[in-house]
Amino acid sequence: MTRKTAVILFNLGGPDSLESVRPFLFNLFNDRAIIDLPQPLRSVLANVISSRRKHAAQLNYAHMGGRSPILPETITQAKALEAKLAARGDADYKCFVAMRYWRPFTEDIAHRVQEWGADEVVLLPLYPQFSTTTTGSSLTAWRKASALPAAAICCHPASASFARAHADAILDAWRAGGEPAKPRVLFSAHGLPQRVIERGDPYQWQVEQSVAAVSALLPPDWEKRLAYQSRVGPLKGLEPSTLSEIDAAAREQIGLIVSPIAFVSEHIETLVELDIEYAQHAKTAGLPFYLRAKALGAAERFIDALADLVELARAAPGRIQSESGARLCPAAFGLCPNRSS
């Protein structure tokens, strides 16, 4: 009998209306993986932060029609992956989307998976690089919501298909921009507080592996740099910042192709921060050109990479593993969830 395999695609989520912006922000900052304080202090602080940030966030979401596009984009990815897996034909696959901070919530999807009667579950984060603040939080939420045994992928930062998909997007942006000579590729990743990395979180190291894998597929005479965007709060963040790299390129009169290396879906950080705020900053600073590579979305090479990960996970029931099947991170990163060698 064909086994019923549920594939759970984890993503951040986003508000589906301007009214849901504040509760979305509250859920985000009430996560202990984001703010490591005990209750009820964490909820009090999350309430204060979400109240203060609501208006500015609503203005940003208004640029995108009053809602985040991340859910429909992730559903499109889920449908593409389901079709890809069905074509491989070795199981009855159904892909579910579980969002961390807004609907559909993880606990609701766990109920739906059980009602569907899954024989096996594969947990597949759409965060390519592992962090305790993203994949780690989503895995914890699933374990609280479901007792079904599951195989999990913890990270997939540098597989061949993933890297090729990013390189394709960068080259497409270059061609659409008129093929300017010797552009600088600026890989922009979501920032984290430096202290998260100092505790042993492997996110920064994994982002660097992504950059190296993609850079190897681009013209060798193109310069490549890595920077971090979306700094939140007073804590020292990962450096350099994307804005500082835009300023540096302007001083040197070098044009940029910006690649959202840690994002696989278009959302507020690409459509507003990169495409509106940073693009305007680049124009004001006098950058020769500012081009932005698209997020991977449902690009075929990326969906191929995800399908390969599902098959890898199915071959090791109950385990959590990286894209290689073994631990990727150096031993110094003690918060790596993959305990295999």
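Visitor: What makes Val-21, Phe-24, Leu-25, Leu-28 and Phe-29 of α1 "buried"?
Guide: Buried means under 20% relative accessible area, with exposed over 50% and partly exposed in between, using a 1.4 Å probe and protein chains only. Those five residues of helix α1 (residues 21–29) are buried by that rule. Keep in mind that this is a predicted model, where local features need pLDDT of at least 70, side-chain atom pairs count only at pLDDT 80 or more, and totals for chains, interfaces and linings use all residues. Residues are numbered from 1 along each chain as its sequence is written, and side-chain values use heavy atoms, leaving out hydrogens and water.

Visitor: How do you know that the buried residues of α1 line one face of the helix?
Guide: Look down the axis of α1: its buried residues fall within an arc of 125°, so they line one face. The arc is taken from the directions from the helix axis to the C-beta atoms. An α-helix has 3.6 residues a turn, so residues three or four places apart point the same way.

Visitor: What do the buried residues of α1 pack against?
Guide: They pack against α2 (41–62).

Visitor: Why are α9 and α10 called roughly parallel?
Guide: The axes of α9 (residues 242–252) and α10 (residues 268–285) cross at roughly 25° and come within 9 Å. Angles under 35 degrees count as roughly parallel, over 145 as roughly antiparallel, 65 to 115 as roughly perpendicular and the rest as oblique. That makes α9 roughly parallel to α10.

Visitor: And what makes α4 and α5 oblique?
Guide: Helix α4 (residues 106–116) and helix α5 (residues 135–145) pack at about 50°, with axes 9 Å apart. The pair is therefore oblique.

Visitor: Which residues make the contact of α4 with α5?
Guide: Contact means heavy atoms within 4.5 Å. On α4 we have Thr-106, Glu-107, Ile-109, Ala-110 and Val-113, and on α5 Ala-141, Trp-142 and Ala-145.

Visitor: Why is α6 described as roughly perpendicular to α8?
Guide: Helix α6 (residues 160–176) and helix α8 (residues 203–215) pack at an angle of about 65°, their axes 8 Å apart. So α6 and α8 are roughly perpendicular to each other.

Visitor: Where do α6 and α8 meet?
Guide: Phe-162, Ala-163, His-166, Ala-167 and Ile-170 in α6 touch Ser-210, Ala-213 and Val-214 in α8.

Notes
Axes fitted to C-alpha atoms, helices over the stretch in contact; angles between N-to-C directions. Helix = DSSP H or I, 4+ residues; strand = E, 2+ residues; numbered from the N terminus.
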